[in-house]
Amino acid sequence: MSSMQHPDNDLTINPSGNESIRDVMDRFTGRRNFIKGSLATATFASLGGFSLESLANGAYTGSPSPTGGIGFTGVPANIAPMTDGITVPSGYTARVLIAWGDAIGKTGPDANTHWNPATAMTTARQLTTWGAHNDGMHLFPFPGTGAAGIANDRGLLVSNHEYVDPGLVAHTTTYGTDVITKAMVDAQIAGHGVSVIEVRKVGGEMKVQRPSAFARRITGATPCKVSGPAAGHALLKTAADPSGTTVLGTLNNCANGYTPWGTYLTCEENFNGYFGTTAAKLAAQPLTALENRYGMAAAGFGYRWHEADPRFDFRDTPNEPNRFGWVVEIDPWNPTAVPVKRTALGRFKHEGAWTSVGADNKVAVYMGDDERNDYMYKFVCAKKMDTKNRAANRDLLDSGTLYVARFNADGSGQWLPLVWGQNGLTAENGFADQGEVVIKARQAADRLGATMMDRPEWVAVHPVTREVYLTLTNNNRRGTTPASSNKIDGTTVAASARPPVDATNPRRDNRYGHILRWTETGGDVGATTFQWDIFVECGDKLNANAHLQGNIIGDDLGAPDGLWFDKDGRLWIQTDQVGNASGDFVNIGGNAMFCADPATRQITRFLTSPRNCEVTGVTSTPDGKVMFVNIQHPGEDWSGSFTSNSTWPDSGFNGPTTQSGNAVAKPRSATIVITKDDGGVIGT
């Protein structure tokens with residue numbers, strides 16, 4: 001994206017009657033062990049007399065239900081002059097569920113107190129309200145009655161909050177020249193992280209439950225435990241945390257994941273942009289190879305936090321950046337649980353952490369590093385998942401093997417182990433131990449010769465076949481001159497290389513991106529080899545450059561980002577481009593969400609979005625009849641007036657909001673709810 005704070009980012013599809021991985025996850029997390037160890041019985045009783053026994057009864061015994069495949073008529077592209085609202089197919093309705101600054105329903109006097117967007121956001125108000133710039137999310141259904149054992153009318157909706165627009169937070173149009181105060185920084189920090197809300201179906205509509213004992217904000221200042229091989233490492237120690245085991249907060253929470261034992265995985269992406277320093281300090285101590293490889297710069301992304309908080313001056317606190325760039329595990333069912341940074345999964349710009357469970361209960365986590373020319377990773381847990389004891393899986397992500405992918409021209413591939421002492425990952429080459437390997441994961445992958453990718457972002461695993469799909473958003477450096485690659489010694493500046501085209505990334509100046517997929521050898525999630533192909537090359541059929549036209553069957557799209565499979569095997573694709581239907585996207589239009597058939601490769605546009613926003617994050621109720629979608633940063637790149645590019649969602653285009661009746665003060669990121677008017681499954 002162009003913002004400084006967001007740098008450039010009746011046949012069924014699944015005719016099988018076999019139990020899917022999603023079914024396994026939902027069945028396990030819907031049973032007794034899903035609740036055990038999360039909250040005391042008294043907490044559940046306070047929610048209306050439910051007991052652990054009544055909430056945990058029932059086991060899921062079904063399989064993916066037959067659907068009509070992709071049964072809707074697609075919507076046209078939102079081209080200029082753009083519609084400033086959400087459009088969905090005929091027979092569907094999209095409405096706003098919750099927006100930035102709306103109360104999350106924390107118990108107490110603020111349960112129903114919403115922020116007034118005509119004022120500056122404060123830390124106190126942000127701690128009781130939905131965070132800024134919502135991104136990846138997941139719905140955790142409550143246990144329920146009936147054959148499935150899980151509820152379709154009640155759940156915990158957990159969402160990431162990737163970043164903030166400092167001007168909107170501080171209510172100023174001159175942030176770049178304003179004097180920065182600690183209060184301004186703290187309010188922005190509070191806008192990051194994760195929100196947990198309870199949603200219930202009331203009168204046929206899904207609504208936020210206020211108050212709720214589960215409502216929670218996790219922010220850039222929430223204490224997080226560090227676990228795994230980097231815990232206590234010298235490179236993580238600071239004066240404020242000499243043990244190197246407790247980090248204040250989680251930042252730049254982009255895409256997500258969830259585990260089959262009922263926890264949420266939030267992923268730290270562009271953490272480097274929050275840190276800065278003065279020119280004088282940088283001149284006295286130039287950037288190190290580690291700092292260069294992770295994109296550190298004196299000005300950061302323009303947040304200017306380092307001017308008021310020395311924690312974010314990377315010359316005053318040089319190890320603080322090393323404490324970010326991790327996957328963080330959160331238990332949404334326990335509001336007092338401390339978030340845990342799982343360092344065994346490696347440190348990089350995490351774009352999601354998708355869990356896949358093998359038939360033998362082996363667990364793998366797939367993760368993309370969202371930067372031009374960076375890599376695709378997999379972590380395989382050392383122990384298998386215990387389906388009968390949730391507590392036994394609590395630290396499953398702390399031990400195992402981290403791999404990075406090498407894609408070969410013949411369609412084969414290898415997972416290369418990032419293990420200290422192997423393949424040159426030794427003290428002589430700058431890796432003193434496994435902790436240093438995971439802290440310097442990018443540099444470790446450089447040394448192993450992993451395949452440089454065109455911004456690997458979201459991953460989705462097919463619910464039956466276990467095929468893995470990966471979005472590669474774009475890379476304007478691919479195939480340009482002079483050609484260069486990431487250096488084996490790890491000294492390359494982030495995103496600066498100009499790799500030649502290869503079989504996996506086959507287009508020069510790859511403006512529109514593509515989607516890759518692979519199958520692990522033998523269907524084993526822990527396999528070290530795989531077979532891959534390109535699912536689709538995105539593009540504009542009307543583009544004058546033939547290599548940018550793509551090979552899409554159906555509706556054109558570019559910059560694929562979000563990726564998600566529903567229970568019936570429909571693949572949902574979300575896009576992240578400039579969002580104003582200009583330049584390379586004049587024909588494709590603004591950002592949108594599409595539905596793809598993995599078998600036929602047909603792609604159909606399902607949703608178009610407001611101006612200058614990103615469509616990101618999608619989840620649904622277990623029956624597939626209620627879908628939640630995140631709309632991030634509508635009206636971004638405003639100038640002069642906050643609403644110069646968008647007035648969504650408070651314009652009322654997609655129904656009432658908490659600000660209905662008031663003049664529109666600011667555009668606000670929001671979560672929408674989509675339902676089919678006949679009550680059917682979304683996508684049919």
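Student: What is the order of the six strands in the open sheet?
Tutor: The order is S8-S7-S12-S11-S10-S9, and the pairing is mixed. Strands here are DSSP runs (E, at least two residues), numbered from the N terminus.
Student: What makes S8 (246-248) and S9 (253-258) edge strands?
Tutor: Each of them pairs on one side only. Two strands pair if DSSP finds at least two bridges between them.
Student: How many bridges join S7 (residues 223-227) to S8?
Tutor: Three bridges join them, and the two strands run antiparallel. Three bridges meet the cut-off of at least two, so S7 and S8 count as a pair. Within that pair, Lys225 is opposite Thr246 of S8.
Student: What should I know about the model itself?
Tutor: The model is predicted: local features need pLDDT of at least 70, side-chain atom pairs count only at pLDDT 80 or more, and totals for chains, interfaces and linings use all residues. Residues are numbered from 1 along each chain as its sequence is written, and side-chain values use heavy atoms, with hydrogens and water left out.
Student: Which residues cover each face of S26?
Tutor: Leu571, Ile573 and Thr575 lie on one side, Trp572 and Gln574 on the other, and all are buried. In a regular strand, side chains alternate between the two faces of the sheet.
Student: Which residue in S26 is the bridge partner of Trp564?
Tutor: That partner is Trp572.

Technical notes
Buried means under 20% relative accessible area, exposed over 50%, partly exposed in between (1.4 Å probe, protein chains only). Helices (H or I, at least four residues) and strands (E, at least two) are DSSP runs, numbered from the N terminus.
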